[in-house]
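Please read it alongside the sequence and coordinates.

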Amino acid sequence: MFTFTNTHKHGIVISDGNQQFSVPSLAELVTLHTELTEYLSKRQQVAFISSLEAVARAKDDGYTLSISTLNGACAYGTIPHARKHAGRWSMPLPEFEQWYARWKAKQDQHNTD
């Protein structure tokens, strides 16, 4: 388990109890998160789905998923580990599927009310 501590002198200190690692700023911590996610996705061979593929999938399922709704979910962290590259969002397929199932349930509930 890791702990994160904000300090004035060293920035954000990440510790596992035995070793410490300093990250100078929140921006660099976010960069580290992105790089770790990419590294892990390559090692674990996690499939990613693009925002355009996700919208097309919803359309194939008979739903209208707006790109702005999907982009908002990615930007606000509702879909964990989503990443933006060259202006386009992509997300790990398992995380998208979990979010999409919840989103569809809300749509179905709204349509039956």
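A crossing is termed left-handed if the near helix is turned anticlockwise from the far one by less than a right angle, and right-handed if clockwise. Helices (H or I, at least four residues) and strands (E, at least two) are DSSP runs numbered from the N terminus. The model is predicted, with local features needing pLDDT of at least 70 and side-chain atom pairs pLDDT 80 or more, whereas totals for chains, interfaces and linings use all residues. Residues are numbered from 1 along each chain as its sequence is written, and side-chain values use heavy atoms, leaving out hydrogens and water.

1. Helix α3 (residues 67–75) passes helix α4 (residues 93–112) in a right-handed crossing. Their axes (lines fitted to C-alpha atoms over the stretch in contact) come within 12 Å and cross at roughly 125° on a scale from 0 to 180 degrees between N-to-C directions. That angle makes α3 oblique to α4, being none of roughly parallel (under 35 degrees), roughly antiparallel (over 145) or roughly perpendicular (65 to 115).

2. In contact (heavy atoms within 4.5 Å), Thr69, Leu70 and Ala73 of α3 meet Phe96, Trp99 and Trp103 of α4.

3. Ser51 lies in helix α2 (residues 51–60). Beyond its neighbours within four places in sequence, Ser51 contacts Ile67, Leu70, Asn71, Trp89 and Met91.

4. Strands β2 (residues 11–15) and β3 (residues 20–23) pair (at least two DSSP bridges) in the antiparallel sense over four bridges. Ser15 stands opposite Gln20 in β3. Four residues separate the strands of this hairpin, where Gly17 takes a positive phi near 95°.
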